[in-house]
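Reader: Please walk me through how a strand and a chain interface may be read from a model such as this.

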Amino acid sequence: MVAAPTLVPGYRRPNGWGVRNHTLILPTHTGANLAAKLIAAAAPPAIAVAHEWDGEPNDPDAPRVERTLAGFGANPNVAAVLVVGLFDSDRRVAELIAARSQRVEFFALADYGGVEATVRAAAPISALLAAAAATQSRVPVPVSEIILGLECGGSDSWSGVSANPALGVASDLLVEAGGTSILGETTELIGAEHLLAARAAEPAIGERLIGVVHAFETELAALGVDIRGANPAPGNIEGGLTTIEEKSLGAIKKAGTAPLVDVLEFAQRPSRPGLQYMDTPGHDIEQMVGMVAGGCQLVAFTTGRGTPTGSPIAPCLKIGSNSAMASHQAGDIDIDAGSILDGTETVTDVGRRIFERLLEVASGRPTLSELRGQRDFAISRTLHGVG
Amino acid sequence: MTGIASSVAGFRRPDGTVGARNHVLVLPSVVCAGMAASAIAGDDAIAIVHQHGCDHVGEDAAQTSRVFLGLAGNPNVASTLLVGLGCETIQGRELYADLSALAKGVEYFEIQACGGSAQTVVSGRSGLEDLVAGASRIGRSPAPPDAVVYGLATGPRVQTELLEALTERILAGGASLLVALRDLPPDLGNRWRAVPVVEYGAAAPAGLAVTFGVSSLSEQQTGLAASGAQVVISLVPARHAPTGTPISPVLSVATDRLTYEALHDDFDLDGSGADAGALSERIVGLAREVFNGRPTAAERRGAQEFALHRLTRST
């Protein structure tokens, strides 16, 4: 095998290195979704997201939501952000983004008398941001600047045998090249947390990992929920998975064999390279938003059942665990890891293919979910203390 | 108020209910099917792109299913095209079985059975044509005042004098009313303590009922639509913005002058500082016109916000 390249063409930002060059229109609340959508439509190729956050500033989830929105806007795949709030106090999200050296503009509906006039005022600014983005071109970026999100969704009994271990190989190659991988899904660490903790670079990191999993189980138990009864989901069971422990043992194979160097809060940006764990829900889209808000420019997503997931701003490479599904859903699955099951390729072969493809995607090759415009978005809330 | 003034005209459904609007709904059972639902709906139907359907636990899953079924069952909806994924917690095919009992047009497409997202959009587009054609054959016909269920959203706090005046006037006109309150204000009259309580998104009974426990205005509005309200009256508190729902017109009434001035284009009515009796008369008169087809400010600007109240976090 030819040695992997150490540079890929990407976008240099004040806040990191991007693999895409998006202009993002970001609403702070549900009531700003429509204005964001209309601004993006008036100034293509800007991308708007929509979400269901309608909380007041004193809501216990407000800091988590603001951190998520700000991190998403500050992702280096974004050249500039236009934040749309309801009132001037919603400027906080734009200020958090600016604090990360990201170019950002802010509009509040209340400054213009409502949606229509806000769109009229903001659309030309959005067009200017998009035009400024279009003047940027790719320059060589060290592979070590890549932060990769590791996800699985709609897993089946093959996921832990084919797609997940192959992604683990790709993750190890990225970490060896000086890059960063993030594993998440606290739900799917249950029953396997000790294995990952044993790989911690320092004992304290492993202890924090165990603590995160136990806190989550305790939180759910306090709600009267036995997570081991609610997960696996119906599709997992139909796909041959029997217990959450079995699902977890397969899920952590996405993290390869690299040492665990840090445990991150939801939407927190890594402070050092290497394999990280982020405390996220198993919910595929909430998790993906958290990872992208934490700085992931790329997401690799394994699936056995055929999940069509994509992110509005980060390319999401889909890896199928079995050839039957991958060929049935050929428009959704970028890489078929089923060759491992029929013996025509090894886990290492497919892992290398995934890594090479990830570098191609980083260099500009679109993923299938990007081509289809699959732009999933969701806000993660804990609902602690919320009536 | 005379009987003639109270009569309405709407879209009669096979189950005897009457819609104020005649929407075809494209409903994803899960967040992952949202983009396909949106592409299927295009400009011909209303898609609800939401963030739910997977990794719910306990009562939260049941409540979410109830809201989805309630939205499809709202009299404003002529028919529903449901888009499932296949592996989700709230199974599309189970929702489909429940929707099929509604005696309305319903079609179901499942991404993992159709061969992926693109194929689902192609099949769904052709399935939608029949539903849109069927809905277009239904026109408005006269209906009695008791065919109307109003929803009243109040956000985290309510002006009790206005609430009492509106309630009296709506019930006197023969319509039903479901009120969303965060909790029961202590200065409300004793009769409110005997009013039937409805769970979030559950069907509103005839007469007066209340639903408790939600403070977000958008989440209240979504729940009221799921409970069957054909028109939602929203008493927008200070420093809140007016929003719509995907299927029920929302009449947005400002209760605070500064908020009205800041967002005047998006309100239907400035109720700040008005006498409760006179204001309630104006609101109810306008709400009846909205039932009969007058577009609200939210409808004119295309506001279709969906916000689901959740009981527990995603796992």
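Author: What follows takes up a strand of chain A, then the contact with chain B. This is a predicted model, in which local features need pLDDT of at least 70 and side-chain atom pairs count only at pLDDT 80 or more, while totals for chains, interfaces and linings use all residues. Residues are numbered from 1 along each chain as its sequence is written, chains are lettered from A and ligands numbered from 1 in the order written, and side-chain values use heavy atoms, without hydrogens and water.

Reader: Which way do the residues of S8(A) point, and are they buried or exposed?

Author: In a regular strand the side chains alternate between the two faces of the sheet. Here, A:Ile147, A:Gly149 and A:Glu151 point one way and A:Leu148, A:Leu150 and A:Cys152 the other, all of them buried, that is, under 20% relative accessible area with a 1.4 Å probe, protein chains only.

Reader: Which strand does S8(A) join over five bridges?

Author: Strands pair if DSSP finds at least two bridges between them. S8(A) runs parallel to S12(A) (298–303) over five bridges, with A:Leu150 opposite A:Ala300, and pairs in the parallel sense with S9(A) (180–183) over four.

Reader: How many residues make the contact between the chains?

Author: With contact meaning heavy atoms within 4.5 Å, chain A gives 58 residues and chain B 53 residues.

Note on methods: Buried < 20%, exposed > 50% of the residue type's maximum accessible area, 1.4 Å probe, protein only. Helix = DSSP H or I, 4+ residues; strand = E, 2+ residues; numbered from the N terminus.
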